[in-house]
Amino acid sequence: MLVFTRLAVVCAILICIALTGPQLIRHVAWDGYANFTSEVTGGRRETGDLLLLSPILQKSGLETCDKLLNTPLITLHLYVNDMLATEAGIAPLQPAEDIAITTLRLRTRELLEQALACSPMDGNLWLSLATMSRALGEPPETTAQFVELSRRYAPYESWIGTRRERLFSN
């Protein structure tokens, strides 16, 4: 009986490790960016941050829903888009002829689409997709459709509404 009890305890511990291990790994991998992301969302704007974020930008391909929705990956991509445009003297919401900026914008758009596949009713993601659409020079109808989806899925979230009106009031 003692052997069975010990075996059950070991199995329970292994199951707990298997269930929480990926979350711990994600937390450790992204923990260094937590305070930085708070500063970014609080208004930080320093072009010197581009070098710090280059490891994140070099990754490409499909990302997991967990990574897209539970890490600052998209926020940091949007931040770098703004910083590259600022550094190049380009308006962040206007199309650019610079290949590096356009490539990053396309990668960010791809990440936003992946995140929306995971969370299709996220009004903030739809608004971010609208900003990328405008920055890439896509047809105004496409951008307007994304803004409308943001309105539909986040009609009462004032911080999203304020951003939406500030960016797309015309």
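A pocket, as the word is used here, is an open set of grid points where a 1.4 Å probe fits, with protein on both sides within 12 Å along at least five of seven lines. Keep that in mind as we walk through this structure, which is a predicted model.

Let's start with the largest pocket, which holds about 790 Å³ of space. To find it on your screen, look for Thr75, Leu78, Asn124, Ser128 and Arg163, the lining residues that lie nearest its centre. In total, 30 residues line this pocket. The largest share comes from α4, with seven residues. As for what the lining is made of, 15 of its residues are nonpolar, nine are polar and six are charged.

Now move on to the second largest pocket, with a volume of about 150 Å³. Here the lining comes to 11 residues, and those nearest the centre are Arg134, Pro140, Thr143, Ala144 and Phe168. Two elements supply two or more residues each to this lining, namely α6 and α7 (140–153). In the second largest pocket, though, the largest share belongs to α7, which brings five residues. Sorted by type, the lining has four nonpolar, four polar and three charged residues.

Phe36 sits in helix α1 and Tyr79 in helix α4, so the pair ties together parts that are 43 residues apart in sequence.

Are these two residues buried or exposed? Phe36 has a relative accessible area of 8%, so it is buried, the cut-off being under 20%. Tyr79 counts as buried too, because its relative accessibility is 2%.

One last stop involves a ring and a charge. Which residue lies over the face of Tyr153? That would be Arg152, at 5.9 Å from the ring centre.

Note on methods
Residues numbered from 1 in each chain as written. Predicted model: local features only at pLDDT ≥ 70, side-chain atom pairs only at ≥ 80, totals over all residues. Heavy atoms only, no water. 1 Å grid on protein atoms, 1.4 Å probe; cavity = no way out; pocket = protein on both sides within 12 Å on 5 of 7 lines; lining within 4 Å. Points joined across faces, edges and corners; volume = space filled by probe spheres on them. Helix = DSSP H or I, 4+ residues; strand = E, 2+ residues; numbered from the N terminus. Nonpolar A, V, L, I, M, F, W, Y, C, P; charged D, E, K, R; others polar. Buried < 20%, exposed > 50% of the residue type's maximum accessible area, 1.4 Å probe, protein only. Lys NZ or Arg CZ within 6 Å of the ring centre and 35° of its normal.
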